[in-house]
Amino acid sequence: MSKFHPDQARLADYVAGTLSYHETLMIAVHLHFCPECKAYVQGLEALGGVLLDDLPGEPVSDSLLQATLNAIESKPEAERRTEPSYRHPEVPAPLQKLVPSGFDTLPWRKLLPHLQVCDIEISPNGPKISLHRIRPGGRIPRHTHRGDEYTVVLKGGFSDSLGDYNPGDFLYRSGEHEHEPVAAESEECICLTVTEEPLKMTNWKWRWMNPFLS
Amino acid sequence: MMRSTVKTRTGSNYTVKASDEWADCLEAIAERQDRKSFVNLFNHFAPQIKGYARSSGLTAMGDALADELVQETMTNLWRKAHLFDRSKASATTWVFTIARNLRVDLLRRQRKHHTTLSSDDLWQEPHTEGDGADWVEKGYLERQIRLGIAQLPVDQRQVIGKVFLEDKSHQEAAEDLNLPLGTVKSRIRLALKKLRVGLEADSNE
């Protein structure tokens, strides 16, 4: 059971559909792990329905009804209930299309001795969506991020000075936050991360890395 | 996951009659592609969806988009009616989630913002299997929300309406209402708490 959740106002924005693409994805992945937030989201969706119901309606033309009737006429076959397609058991449902055949087959690249990274979606008008993988017990040198960072733990766990994080935990850190994460000893740790800018080493031993971290 | 038995277990007669009527229509479409039920649904929901399109700013990109949202949502109701499960969500909730998803997809298409995942990947529809759904006694929850909204102070009602049905960030809502951001945020928090959306006391907030 995850212990670190998105706050309720953010969940409300998720339900309203007003968050950015990557924030929406991070919440969707958290919900995959967290029945508590999922139940809360269902409550918010009921609220959305009630608000929609209260909205003063706007007249709709007869021709629109006619056009809609024609549209359903041309697609008379009801969509069959599709069996959930195979998915890799390690990969949460919302990430399936981005990680179709499991984490191991991804083109990981080594960033640091204990750390691998793989960008799973890069869009010209948004931040990168990446996976980070830390070896069991791996320690990442102290760093900050040049922009805000979202993390959801997918596998294993890690700790920093603020807490211990397990699968499903949702973290939002501002760019100034400095940390030195350490993966749990028992297994590797995989996290989904969205960073507006690449990380920036603050430990003097590693500062030389900064130009290479983009 | 097995089909839940919430429906039969709850004896009390709290469900709003109107929403049962729409659930009946959806089931009639699922079972026998009943056109008359579809027209009933259209007459009820199409004006609301169009109102939603306007309030959420879709019409800023032309009136045609509002009609497109109406038509796409209604066509989806027809095609997905067999997935509707009244023990999981009311018809109104279901319509809201479908219209929201299509609205987001429409906007992304308009802005040529290509993404790998579509709305169906990012929001699990209320009909899909889900643990945690059962303890939410939905009829109760919805009735409570309806009562709660009627009793909300007007300033909180206004903020909640803006956040849900207008495409406004908290910052923009604050500018619209001429309020500091912190005030908007605390009104949202208060309103959600009063509406008891989560049923359980949210002590950790």
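Colleague: How many residues does the contact take from chain A and from chain B?
Modeller: Happy to start there, with a note that this is a predicted model, where local features need pLDDT of at least 70, side-chain atom pairs count only at pLDDT 80 or more, and totals for chains, interfaces and linings use all residues. Residues are numbered from 1 along each chain as its sequence is written, chains are lettered from A and ligands numbered from 1 in the order written, and side-chain values use heavy atoms, leaving out hydrogens and water. Contact means heavy atoms within 4.5 Å. By that rule, the contact takes 57 residues from chain A and 71 from chain B.

Colleague: Which residue of chain B meets the side chain of A:Lys97 in a salt bridge?
Modeller: A salt bridge is a side-chain nitrogen of Lys or Arg within 4 Å of a carboxyl oxygen of Asp or Glu. The rule finds six across the interface of chain A and chain B. For A:Lys97 the N to O distance is 2.8 Å, and the partner is B:Asp121.

Colleague: Which helix gives the most to the side of chain A that touches chain B?
Modeller: Helices here are DSSP runs (H or I, at least four residues), numbered from the N terminus. On that side α1 (8-16), α2 (21-33), α3 (35-54) and α4 (62-74) of chain A each supply at least two residues. The most, 16 residues, comes from α3(A).
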